[in-house]
Amino acid sequence: MFRMKILVFALFIWLACSSARATVSYDDKSFIINGKRRILVSGSIHYPRSTPEMWPDLIQKAKDGGLDVIQTYVFWNGHEPSPGKYNFEGRFDLVKFIKVVQNAGLYVHLRIGPYVCAEWNFGGLPVWLKYVPGMEFRTDNGPFKAAMQSFTQKIVGLMKSEKLFEPQGGPIIMSQIENEYGPVEWEIGAPGKAYTAWAAKMAVGLNTGVPWIMCKQETAPDPMIDTCNGFYCEGFRPNKPYKPKMWTEAWTGWYTQFGGPAPHRPAEDLAFAVARFVQNNGSYFNYYMYHGGTNFGRNAAGLFVATSYDYDAPIDEYGLVNEPKWGHLRDLHKAIKQCELALASSYPTVTWPGKNQEVHVFRSKSGVCAAFLSNYDPTYSTKLTFQNVQYDLPPWSISILPDCKTEVYNTARITSKSSEAKMVGVGGGLSWESYNEQTPSADDSDTLAMAGLWEQVNVTRDSSDYLWYLTDVNIASNEGFLKTGDWPSLTVMSAGHALHVFINGVLSGSVYGSLDNPKLTYSGNVKLGVGVNKISLLSVAVGLANVGVHYEKWNTGILGPITLKGLNEGARDLTKQRWSYKTGLKGESYKLDTVAGISSVEWVEGSLLAQKQPLTWYKTTFNAPEGNDPVGIDMMSMSKGEVWINGQSIGRHWPAYIARGTCGDCNYAGTFTEKKCQRNCNQPSQRWYHIPRSWLKPSGNVLVVFEEFGGDPTKISLVKRTA
C-alpha cells in the first residue's frame with residue numbers, strides 16, 4: 001500500500017510539472033491551448049511558393065478569413081541544396097515566415113516531414129540524397145534514417161533557438177513527422193512498420209513540447225496523432241479513442257499539370273465538406289491550400305506540375321482573395337466559432353427526421369446548445385422540422401444554428417460577393433534581342449564519353465533540365481536510300497519527359513510525355529548524308545517524381561533502344577555504341593539567365609531577331625507597371641522553356657501544352673473529385689506567369705526567356721491581375 005501511495009504521488013508530481021510546462025494538450029474532443037478548448041481552423045501557405053514581401057498580406061488575409069493556424073511543410077531540398085550546406089534566406093527564410101505568422105497572432109502547424117510530396121520536386125527530398133551509398137528512401141534504411149534525423153534535428157534545433165515552440169512562447173502548436181506514409185507502409189510491409197516506429201520515436205525524442213502528428217497513417221504509434229487528408233473526411237476516426245479528430249488536408253481544389261485543365265472546387269461543396277466534418281466531432285481542419293502560390297525556379301514543381309500552384313485556393317496565386325470562396329468560408333468560420341463552446345465540450349445527439357436528413361445537436365454542461373441541420377440529397381431541396389420550426393435546406397447543404405434556433409449560415413447559400421480576377425495588358429510592345437543556342441556534337445571537348453545510354457539524373461544530378469545524348473552515325477556511299485530518297489527511320493525510346501532530335505544540327509522533331517505517361521517514343525525519317533552524321537538528342541526533364549513507392553528509383557532520360565531502320569543492313573542498333581554527354585545548355589554555362597551573364601554573348605535584334613526557331617534565348621528590358629496590382633506575363637505566343645526576371649526564375653513556361661479533359665457545366669451538389677468542374681479545356685494549361693512585385697525595379701528590369709520549340713517573342717506582353 002505504501003509503495004502504491006509513492007507511485008501515485010510521483011505520478012501526481014509528474015503531471016503537475018508537465019501541465020506547467022506543456023501548454024498544448026488534447027483529448028478526444030479538442031485541442032486545449034493554455035487551458036482553453038479550441039476548434040482550430042487552419043490553412044496551408046507554403047513560404048517558398050510566395051515571397052517574403054507577400055507574407056504579411058497573405059497572413060493578414062488568412063486571419064481576416066477566420067483562420068487560427070497557418071500550416072506549412074518544410075522543404076529539405078531548398079534548405080540543404082548540398083550536404084551540410086544550408087539555406088534559410090529569401091523565400092526559404094523559415095524563421096522569418098513563422099515570426100510573421102506570430103506577429104499576426106496566429107498559430108503554426110509545422111510539417112517537418114521531411115518528405116512532403118506537395119507536388120514539389122522529388123517530394124522535397126534533395127537529389128544528392130539519392131546518391132548516398134546504400135540509400136533507399138522512406139524505409140528501414142540506415143543511411144536514410146541518419147540523414148532524415150539529422151535534418152529534422154536541424155529544423156527543431158533552429159525552432160528552439162528562436163523560441164518558436166508554444167511552450168517557449170512561440171506560435172508552433174504542433175509538428176508533423178513523415179507524410180502520407182500509410183499506403184507505403186501497407187505496400188512494403190515489415191520494413192515500413194519498423195520505419196514508422198523509428199520515425200515516431202525519433203520525433204518524440206526531440207522534446208518539442210507540442211503534439212506530433214502523422215497524416216494518413218492508421219498505424220501511427222502513441223503519442224502520434226493520425227489524421228485524414230482528402231476531399232471529405234467526415235467518416236474518419238483516429239486510431240485511439242483519446243485522440244482528436246484532425247483533417248490535415250481539406251483539398252480546396254487541385255493542382256494543375258501541364259496538359260491538364262484548371263481545377264475548380266465550388267465553394268458550396270467545400271463548405272459542406274467542412275461543416276459535415278465538424279458536426280461529426282472534427283476538432284481541427286486545414287485547407288490545403290489556403291494560398292497555393294507559384295512554383296518558382298526549376299527545383300519546386302514536381303513531375304509535369306505546372307508553374308502555377310493556384311489550387312483554386314481562397315487566396316489566389318497572385319495574393320488576391322478568390323471570391324466567392326474566401327468570403328463564403330470566412331462566414332462559415334464565424335458560424336463555427338459561435339458554436340465552439342458546445343462543439344469542443346460535448347458529443348452530438350444525432351437524429352434522422354427524414355430521408356437524406358440528419359440533425360446533430362451539441363449541448364455543453366453549462367447548457368449552451370448548437371445544431372447542424374443536413375440535407376444530403378444532391379438534387380432536391382428539403383424542409384426539415386427541428387424543435388417545431390421548419391427550415392428550408394438547399395440540396396447538398398448544412399445549416400448551422402449556434403443557439404439551436406437561429407440559422408446563421410447555410411453551406412449552399414453564398415452571400416459574399418462574387419468576382420473573377422482578370423488579366424489586363426499594360427504598357428506597349430517590348431523590344432527583343434535573341435541568341436541562338438548551338439547544337440553540340442559528340443566530339444566537342446566539353447562532353448563526357450561513355451559506352452551505352454545513361455539515366456539522365458545520374459548524369460545531371462538535376463543541375464539542369466537538359467542533357468544532350470550525342471553520337472555519330474557513318475553512312476556509306478552505296479546506301480540505297482541515297483538513290484531512292486526513302487530516308488531511314490530513327491526510333492528513340494525514352495523514360496521521359498521531353499525530347500528534341502537534331503540531325504547534323506537541324507531539328508528533326510520533338511515529342512513529350514505527360515504526368516500519366518512520362519515515357520515517350522520518337523519515330524521519324526531523318527536526312528542523312530554520306531560519311532559522318534551528327535546525332536544530337538536533347539532530353540528534357542519536367543520536374544522529378546514526388547510520390548510513389550521508391551520513386552527515387554524511377555528513371556528519366558533516354559534509355560533506349562535506339563534504332564535506325566532503312567539501311568542496306570536492315571536495322572542498326574545505336575543503343576550500345578559510344579555516346580557522349582553534355583549537361584545543360586551553352587546559354588546556361590554562359591549564365592544568360594543572370595543580369596551579369598547576359599553580356600557574355602552577342603545578341604542580335606531587328607531584322608536578325610530569331611523567331612519560331614528552336615533553342616533560342618531572348619532578352620528585353622522594361623519598366624515596372626504603375627500601381628500595386630500583381631504583375632504577370634502573357635506567354636501565349638511561346639511554346640516551352642523557362643523565364644527569368646532580373647536573374648530570378650519565375651519557373652517553366654509551356655503554353656504550347658494544350659489542356660485535355662472534360663470541361664462543362666458545374667453543379668456544386670454531389671460528391672466532388674478532381675475531374676469534376678474542370679475549366680479551360682482546349683486552352684494552354686498555363687498562359688500567364690506570376691512576376692512578384694518585389695522582384696521588380698522601377699525601371700530597367702531584365703527579362704530573359706529560353707525557348708525550346710520556337711515562338712514569337714514580339715507578342716509577349718506584361719499584364720496586371722485585377723479583382
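In which strand does Lys720 lie? Lys720 belongs to strand E38, which covers residues 717-722. Keep in mind as you explore that this is a predicted model.

- Lys720 is buried, yet it has no salt bridge.
- What does the side chain of Lys720 reach at 2.4 Å? It reaches the backbone oxygen of Glu626.
- Leaving aside neighbours within four places in sequence, Lys720 is in contact with several residues, including Lys422, Met423, Val424 and Val426.
- Pro625, Gly627, Pro630 and Arg693 are also among the contacts of Lys720.

**Helix H4 and what follows**
- Helix H4 spans residues 94-103, and its buried residues are Leu94, Val95, Phe97, Ile98, Val100 and Val101.
- An α-helix has 3.6 residues a turn, so residues three or four places apart point the same way.
- Just after H4 comes Gly105, which takes a positive phi of about 85°.

**Thr406 in its loop**
- You can find Thr406 in the loop that links strand E17 (397-401) with strand E18 (409-410).
- Setting aside neighbours within four places in sequence, Thr406 is in contact with Ile400 and Leu401.
- Thr406 and Ala371 are 35 residues apart in sequence, with 9.4 Å between their C-alpha atoms.

Note on methods:
Residues are numbered from 1 along each chain as its sequence is written. This is a predicted model: local features need pLDDT of at least 70, side-chain atom pairs count only at pLDDT 80 or more; totals for chains, interfaces and linings use all residues. Side-chain values use heavy atoms; hydrogens and water are left out. Helices (H or I, at least four residues) and strands (E, at least two) are DSSP runs, numbered from the N terminus. Buried means under 20% relative accessible area, exposed over 50%, partly exposed in between (1.4 Å probe, protein chains only). Lys and Arg count as positive and Asp and Glu as negative; His and the chain ends are not counted. A salt bridge is a side-chain nitrogen of Lys or Arg within 4 Å of a carboxyl oxygen of Asp or Glu. A polar contact is a pair of N or O atoms within 3.5 Å; within protein, one must be able to donate a hydrogen and the other to accept it, and residues adjacent in sequence count only if both atoms are side-chain atoms. Contact means heavy atoms within 4.5 Å.
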